[in-house]
Amino acid sequence: MKGIINFFHFLSTIIKTVFGMVMDIVSTIGMVFKYLISIVQIAFEVIATFPPLIKAFAIITLSISIAYFVIGRNAGKSD
């Protein structure tokens, strides 16, 4: 009988561990998106202080950089 109780205790511990790990991953991904949005807002606020000609190139460069980051092409390779 004690073995069955230990098995269910072990099973509940495994389920709690997996659930906690999944919740940590989800909260970390949410935090990353929150920080990414804050960084992009700060970058666009800085770009807003630039002269008009430089502002256009800075916005294009930042937009392309964000697009490459989102699609995962930020490894620095040239091919």
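Author: Begin with the term helix: helices (H or I, at least four residues) and strands (E, at least two) are DSSP runs, numbered from the N terminus. This is a predicted model, in which local features need pLDDT of at least 70, side-chain atom pairs count only at pLDDT 80 or more, and totals for chains, interfaces and linings use all residues. Residues are numbered from 1 along each chain as its sequence is written, and side-chain values use heavy atoms, leaving out hydrogens and water.

Reader: Which residue follows helix 2?

Author: Glycine 72 does, and its phi is positive, near 85°. Helix 2 itself has 20 residues. The protein chain has two helices and zero strands, and its C-alpha trace spans about 80 × 30 × 10 Å along the principal axes.

Reader: At what angle do the axes of helix 1 and helix 2 cross?

Author: Axes are lines fitted to C-alpha atoms, for helices over the stretch in contact, with angles from 0 to 180 degrees between N-to-C directions. Those of helix 1 (residues 2–47) and helix 2 (residues 52–71) come within 10 Å and cross at roughly 165°. Helix 1 is therefore roughly antiparallel to helix 2 (under 35 degrees is roughly parallel, over 145 roughly antiparallel, 65 to 115 roughly perpendicular, the rest oblique).

Reader: Which residues meet there?

Author: In contact (heavy atoms within 4.5 Å) are Leu36, Val40, Ala43, Phe44 and Ile47 of helix 1 with Lys55, Ala58, Ile59, Leu62, Ser63, Ile66 and Phe69 of helix 2.

Notes
Expected span 1.5 Å × (residues − 1).
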